[in-house]
Amino acid sequence: MPLLTQQIPDENDYSLVASLDNVRNLSTILKAIHFREHATCFATKNGIKVTVENAKCVQANAFIQAGIFQEFRVQEESVTFQINLNILLDCLSIFGSSPMPGTLTALRMCYQGYGYPLMLFLEEGGVVTVCKINTQEPEETLDFDFCSTNVINKIILQSEGLREAFSELDMTSEVLQITMSPDKPYFRLSTFGNAGSSHLDYPKDSDLMESFHCNQTQVNRSVLNIEVAIDDEDTRFLY
């Protein structure tokens, strides 16, 4: 596409330059972690990590490897900035979320550095749209050190099944209690709402389970009144 081959003036002055021939792949990934307004972007030579946090207790990360892009250049060792995820997703879908068959939207993304906006050049059918999104000072994010020697329990579940389980939760409950155990109930989701307590139990050989490794019983609680998007290949619980 012309957009992927055309040069942007003073392109070498940009700290980050990345190109995709199909922007909807990126949009789909970002929608999976879109449960807060702002996201922090970390770019290195290996790719881009986008992090979304809520109340310093929930963190979602999307990793876009450098090989996914048709062109990917980072001039510095690392580039970090915060951006409004709502606006970014709106810009990425500026040509619509339901493309005509055989039609792709190409993206060229450029970031000049601290204090500069993120520039998006989108092209579809010969029409080019330029978006500039103001960036912000990145906030410090939590560092979840999941060193294998410190992990007591590890469960990997199918995301589709977990999404269905979340849809059955009593949303009048303020907290979600997660129980993991080497014995029954193995994996339990509990809520405590207006109608009383309710539990969803899943055996370790359930179709929902991709992997189940529990060494001891653990019970943890998390705030429930957040909107969580689960759209990854699998979902992991580690404690």
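Student: Across which strands does α3 lie, and at about what angle does α3 run to β8?

Tutor: This is a predicted model, in which local features need pLDDT of at least 70 and side-chain atom pairs count only at pLDDT 80 or more, while totals for chains, interfaces and linings use all residues. Residues are numbered from 1 along each chain as its sequence is written, and side-chain values use heavy atoms, with hydrogens and water left out. Helices (H or I, at least four residues) and strands (E, at least two) are DSSP runs, numbered from the N terminus, and angles run from 0 to 180 degrees between N-to-C directions of axes fitted to C-alpha atoms, for helices over the stretch in contact, where contact means heavy atoms within 4.5 Å. On these terms α3 lies across β7, β8 (118-124) and β9, and its angle to β8 is about 25°.

Student: Which residues of α3 are buried, and how wide an arc do they cover?

Tutor: Buried means under 20% relative accessible area, exposed over 50%, and partly exposed in between, with a 1.4 Å probe and protein chains only. In α3 (residues 85-92) the buried residues are L85, L88, L89, C91 and L92. They lie on the same side of α3, because the arc that they cover around the axis, taken from the directions from the helix axis to the C-beta atoms, is only 160°.

Student: In what order do the strands of the open sheet of 5 strands come, and which are the edge strands?

Tutor: Two strands pair if DSSP finds at least two bridges between them. The pairing in this sheet is antiparallel, and the order is β5-β1-β7-β8-β9, with a twist that averages 10° from one strand to the next. Pairing on one side only marks the edge strands, which are β5 (71-74) and β9 (127-133).

Student: How many bridges join β1 to β7, and which residue of β7 is the bridge partner of V17?

Tutor: Strand β1 (residues 16-20) runs antiparallel to β7 (residues 106-111), and 5 bridges join them. The partner of V17 in β7 is C110.
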